[in-house]
Amino acid sequence: MDTTTQYYGGLTAEQFLFNEIRIVAKMHQANKPLNEIIDEIRKDNLFQYPTERQVSRLARACYKRLIALDNAYLINEIVNAPSRVAKQINLYAMMRHYRLIREFMISLVGEKYRLLDFALSRKDLNVFFTRLQEQNDDIAAWSDSTITKLKQVLTKCLVETEILDTVRSTVLNPILISEELERGIRENNDLKALVAFNCFRI
């Protein structure tokens, strides 16, 4: 990932989107263009949202993650693998698309795995965001409510992938990276990302 990529606060609305990305990935595999994917999701209410208001935005968010993933094998696994595996791949896709999630997963979660320090406190999240605010004017301009929502999104991502048991948990689970994700990360020559999934094999 290009480290000059801007941080994106819109992640507050986009969240984990696991069921949605599976739907979009299946259509993407069929070589459907984005506008056709959005039209079909709307017409058949595939996201099962009460209104269509968010369909276009969230379908686009899923599509951008798949493009950022840049790996046909991993996209196929998002569609077909068991949920546990596919959720890990979705988190990796988010790391490829969102600079904030990549830095959180590598510099905070991955570093804790490396040090065998499995405690994850509210203070850890506060320190992470304070450091980013000191280093980046865009993040410094974000409101307190945006920062609070982003902390919630990051925590929920960890719960979805079983790194945390619940949103109130303060202990990281020493997860095992799926074989499928490890293969895809290595194919992408993105070895820095391995630590986010407690993998330190060279």
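Visitor: What is the relative accessible area of Asp39?
Guide: Under 20% relative accessible area counts as buried, over 50% as exposed and anything in between as partly exposed (1.4 Å probe, protein chains only). Asp39 is partly exposed because its relative accessible area is 47%.

Visitor: What kind of model is this?
Guide: Residues are numbered from 1 along each chain as its sequence is written, and side-chain values use heavy atoms, with hydrogens and water left out. Local features need pLDDT of at least 70, side-chain atom pairs count only at pLDDT 80 or more, and totals for chains, interfaces and linings use all residues, this being a predicted model.

Visitor: What separation do the C-alpha atoms of Asp39 and Ser56 have?
Guide: Asp39 belongs to helix α3, residues 34-44; helices (H or I, at least four residues) and strands (E, at least two) are DSSP runs numbered from the N terminus. Ser56 is 17 residues from Asp39 along the chain, and their C-alpha atoms are separated by 8.6 Å.

Visitor: Which residues does Ile37 touch, not counting residues up to four places away in sequence?
Guide: Ile37 is in helix α3 and is buried, with a relative accessible area of 0%. Contact means heavy atoms within 4.5 Å. With residues up to four places away set aside, Ile37 touches Val24, Met27, His28, Lys32 and Tyr63.

Visitor: How far apart in space are Ile37 and Asn173?
Guide: Along the sequence, Ile37 and Asn173 are 136 residues apart. In space, C-alpha to C-alpha, Ile37 and Asn173 are separated by 36 Å.

Visitor: Which residues is Leu66 in contact with, leaving aside its neighbours within four places in sequence?
Guide: Leu66 sits in helix α4 and has a relative accessible area of 1%, so it is buried. Neighbours within four places aside, Leu66 has contacts with Ile21, Val24, Ala25, His28, Ile75 and Ile78.

Visitor: What phi does Leu17 have?
Guide: Leu17 is in the loop between α1 and α2 (18-29). With a relative accessible area of 9%, Leu17 is buried. Leu17 is not a glycine, yet its phi is positive, about 55°.

Visitor: And what phi does Gln48 have?
Guide: Gln48 is placed in the loop between α3 and α4 (55-69). Its relative accessibility is 67%, so Gln48 counts as exposed. Gln48 is not a glycine either, and its positive phi is about 60°.

Visitor: At what angle do the axes of α6 and α7 cross?
Guide: Axes are lines fitted to C-alpha atoms, for helices over the stretch in contact, and angles run from 0 to 180 degrees between N-to-C directions. Those of α6 (residues 83-97) and α7 (residues 99-115) come within 5 Å, and they cross at roughly 115°.

Visitor: What handedness does the crossing of α7 and α10 have?
Guide: A crossing is left-handed if the near helix is turned anticlockwise from the far one by less than a right angle, and right-handed if clockwise. The axes of α7 and α10 (residues 144-160) are 11 Å apart and at about 65°. The crossing of α7 and α10 is right-handed.

Visitor: How many residues has the largest nonpolar core?
Guide: A nonpolar core is a set of buried Ala, Val, Leu, Ile, Met, Phe, Trp, Tyr and Cys residues joined through side-chain atoms within 4.5 Å. Ile101, Phe104, Met105, Leu158 and Phe197 have the most contacts inside the largest one, and its number of residues is 69.

Visitor: Why is the pair of Tyr8 and Tyr98 classed as stacked?
Guide: Rings of Phe, Tyr and Trp (its six-membered ring) pair if their centres lie within 6.5 Å; planes under 30 degrees apart count as stacked, over 60 as edge-to-face and the rest as tilted. The structure holds six such aromatic pairs. The ring centres of Tyr8 and Tyr98 are 6.1 Å apart, and the pair is stacked because the angle between the planes is 5°.
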